Amino acid sequence: MAAPFELSDDSVVVIIGTGAGGGVLANELAQKGVSVVALEAGGRYLPEDYINDEWESFGQLAWLDARTTSGDWRVANDFSSLPTWIVKAVGGTTTHWAGASLRFQDHEWKAKTNYGDVQGANLLDWPIDPREMDDYYTKAEDKLGVTRTGGREGLPGCNNYKVFEAGAKAIGYKNVSTGRMAINSAEGDGRPACQQTGFCFQGCKWGAKWSSAYTDIPRGEATGNLEVRSQAHVLRIEHDDSGKVTGVVYADADGNQQLQKARIVCVAGNSIESPRLLLNSASSMYPDGLANSSGQVGRNYMRHMTGSVYAVFDKPVKMWRGTTMAGIIQDESRHDPSRGFVGGYELETLALGLPFMAAFLDPGGWGREFTTALDSYENMAGMWIVGEDMPQETNRITLNHDVKDQYGLPAPNVHFDDHPNDIAMRNHAYKQGMAVYEAVGATRVFPTPPYPSTHNLGTNRMSENPRDGVVNGYGQTHDIANLFVSDGSQFTTGGAENPTLTIVALAIRQADHIAAEMNRGNL
Amino acid sequence: MLKQKATLTRRQLLSGSASIGTAFVIGIGYVAGSSAAWAMEVTHLKPQTMATLIQMARDIYPHDHVADEFYAAAVKGYDTEEQADMIETGIAGLDAAAQGKGFANYAETGWERHRVDILRNMENSPFFQTIRSGLVTGLYNQKAVWPLFGYEGESYSQGGYIDRGFDDINWI
Ligand SMILES: Cc1cc2nc3c(=O)[nH]c(=O)nc-3n(C[C@H](O)[C@H](O)[C@H](O)COP(=O)(O)OP(=O)(O)OC[C@H]3O[C@@H](n4cnc5c(N)ncnc54)[C@H](O)[C@@H]3O)c2cc1C
Ligand code: SF4
């Protein structure tokens, strides 16, 4: 089939990346009649292609291009070339994600105002009124079919959840449930109900979990207004003498470079690749990279304060059976500085298969302390901690000119140091998580260090004042009117919640804005 | 390939072979379990080196209910021309360390703790780290090992766990 859009067609909106942000934006614009070319570095995989085997699936879907790390986070030591866990495929990381879909709490939109000056943190308020987000959150929940919203039932609790719930209640937590999940609890949206297969992280073979790969993207394509080119890896964004962006250069499946012209460019490559692309697009007019007059491109990298708690019991749990993230405790998500830190955190069940448990329980660990834990794998329960981390200017993505990717471009270096607030929060969460399991008879508990980052945020952040950030409240870059950022890198601060529902809500909102501005002739 | 029982009888195995420690016997071009439950051809490494490497693998990730053949399978990939030197040198280092403590060699120290002491002293060496990190997938990603830990692997082909015990916990 001939491509619907020519390379020379400069009326199209070009979207780079087709994950939570890019995939949704592409469909939303296509539904409004806007012509879109979405360029995706990865290949196309659908539920029938997903592999329910942890490492094989990882090899199939993960972004494995050259990356380096620095900083005091343990990931830099344990997984020095794998700072993040991100997918390279049509649908992006929404193929891997677990589906937890939470709204920000009101106070989290205004972290600077509500938390005050936190030393070493580069806090800022989002340039968005939380009330403005209400409708967009509802639209996002309906799109994703989020349970416990819009009249949708919650999912049933699996073994791992039952242990977690009993422990939570035993220590007095009130707000524990199977959570709000973008997983069908009943057939809907042309997709079946969850069959509790337990491989949510490897791509849901039933399609019960929402992913843009088999919802928004094909729906956008069905309009005739969206062309998705897979294995199209964007290398740089071009601009004209007036400073406006004019198109993007990408490497196609055969490694040949192509130039796609554009009216508007939206960057949605996740929080490592998006700033890297802006930096790699430096020119004589923009020597520090595109949209970087603030110097904030690549800075304020956030990854959520994370960690896990696993526990062993004297009887079987079989945590791998059922949804990977099967429940949540929200009692600690409030902002309550009396605990010794600002912001809050969520506790969410998590199950890993034996291969991943061996890799992530205590990276680098060996000997009987380690192996006796795995000997009790069948009797293990687990939870993940996700809390708000502090944006820091020095936590950043930079270009590492000593290491090149397969296209000869400098690889991104991911630098991260924990902020004292992150450490205080993590220690609190470890204590609470261990207490949950000990209250129901755990014989051994494991405060497990953070994995490679799954929530990557903040590296092109929103700000009211162009001095403080890269994009405005609509994700439009302060410097270049027809250049947008459409993924998690827009986040001004991270909140305690898993980010994807907010990424999706912002993408729906951005589509409204772009379409309206195009109609007004402003773009 | 690891050969299963039938291929070698214990008698055949022991004729013309030497034992190393109590767990392994070695002959020309092979390493086998003393029980003759498994045998493995080695082409590029000395059989004794491979036997010691298998012991080292067990000492790094000891699971008493996991038989040697799975550890053998986990390190078999080192028996190549490119890796042979690195392994021979590394294992010679282990033996030298054992001899420094008055043992005949690494595999023949008796108590596990003596070998673990040797490993602790070298845990930051590239050799140790290569072997250890390789085992994380080499051992735990063997599908045949999973049932020994209770792990059931993929469930899609059986319709998931919706009707097969996703919530069957009965003690909580
Ligand atoms: C195991 C796991 C579990 C998770 N669970 C949850 C959860 O329960 N709840 C939640 O809210 N979030 C979860 N997340 C996080 C969630 O997946 C991400 O927040 C979300 O997908 C990020 O959206 P994005 O649009 O920023 O980027 P992505 O979804 O990562 O999409 C970026 C896309 O851009 C492409 N790309 C990058 N660079 C280029 C380039 N130069 N040219 C072309 N294409 C490019 C990539 O290949 C990718 O497809 C999870 C993540 C992981 C890994
Ligand atoms: S547990 Fe449910 S959502 Fe997860 S992969 Fe299985 S069917 Fe899909």
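A pocket, as the word is used here, is an open set of grid points with protein on both sides within 12 Å along at least five of seven lines, and its lining residues have an atom within 4 Å of a point. The model described below is predicted.

With that definition in hand, the second largest pocket can be considered. About 230 Å³ of space lies in the second largest pocket. It is lined by 14 residues, of which A:D362, A:E369, A:F370, A:R444 and A:F446 are the closest to its centre. The largest share comes from β16(A), with 5 residues. Sorted by class, the lining of the second largest pocket has 7 nonpolar, 5 charged and 2 polar residues.

The largest pocket has a volume of about 590 Å³. Its lining comprises 24 residues, and those closest to the centre are A:D78, A:F79, A:G364, B:R132 and B:S133. From chain A, α2 (54–61), α3 (75–78) and α9 (354–360) each supply at least two lining residues, as does α6 (126–138) of chain B. The element that gives the most to the lining of the largest pocket is α6(B), with 5 residues. By class, this lining divides into 12 nonpolar, 7 polar and 5 charged residues.

The ligands come next. Around ligand 1 there are 40 residues, and A:G21, A:E40, A:T93, A:N270 and A:T500 come nearest. In chain A, α1 (20–31), β6 (233–239), α8 (270–280) and α12 (500–519) each supply at least two residues of this shell. The shell around ligand 1 has 19 nonpolar, 17 polar and 4 charged residues. Backbone atoms also contact the ligand: a backbone N or O atom of A:A98 lies 2.9 Å from a nitrogen atom of ligand 1. Oxygen atoms of ligand 1 are involved as well, with one lying 3.1 Å from a backbone N or O atom of A:G488 and one lying 3.4 Å from a polar backbone atom of A:A268. Taken alone, ligand 1 exposes 1,000 Å², and the protein buries 99% of that area.

Finally, an unreviewed UniProt entry lists residues 20–40 of chain B as "transmembrane region". Over residues 20–40 of chain B, the model has 0% helix and 57% strand. The end C-alpha atoms of that segment are 15 Å apart.

How values were computed:
Residues are numbered from 1 along each chain as its sequence is written. Chains are lettered from A and ligands numbered from 1 in the order in which they are written. This is a predicted model: local features need pLDDT of at least 70, side-chain atom pairs count only at pLDDT 80 or more; totals for chains, interfaces and linings use all residues. Side-chain values use heavy atoms; hydrogens and water are left out. UniProt positions are given in the numbering used here, feature names are shortened, and annotations may be inferred rather than shown by experiment. Helices (H or I, at least four residues) and strands (E, at least two) are DSSP runs, numbered from the N terminus. On a 1 Å grid over the protein atoms alone, a cavity is a set of points where a 1.4 Å probe fits but cannot get out, and a pocket is an open set with protein on both sides within 12 Å along at least five of seven lines; lining residues have an atom within 4 Å of a point. Grid points are joined across faces, edges and corners, and a volume is the space filled by probe spheres set on the points. Ala, Val, Leu, Ile, Met, Phe, Trp, Tyr, Cys and Pro count as nonpolar, Asp, Glu, Lys and Arg as charged, and the others, Gly among them, as polar. A residue is near a molecule or strand if one of its heavy atoms lies within 4 Å of it. A polar contact is a pair of N or O atoms within 3.5 Å; within protein, one must be able to donate a hydrogen and the other to accept it, and residues adjacent in sequence count only if both atoms are side-chain atoms. Accessible areas come from the Shrake-Rupley method with a 1.4 Å probe; for residues, only the protein chains shown count as cover.
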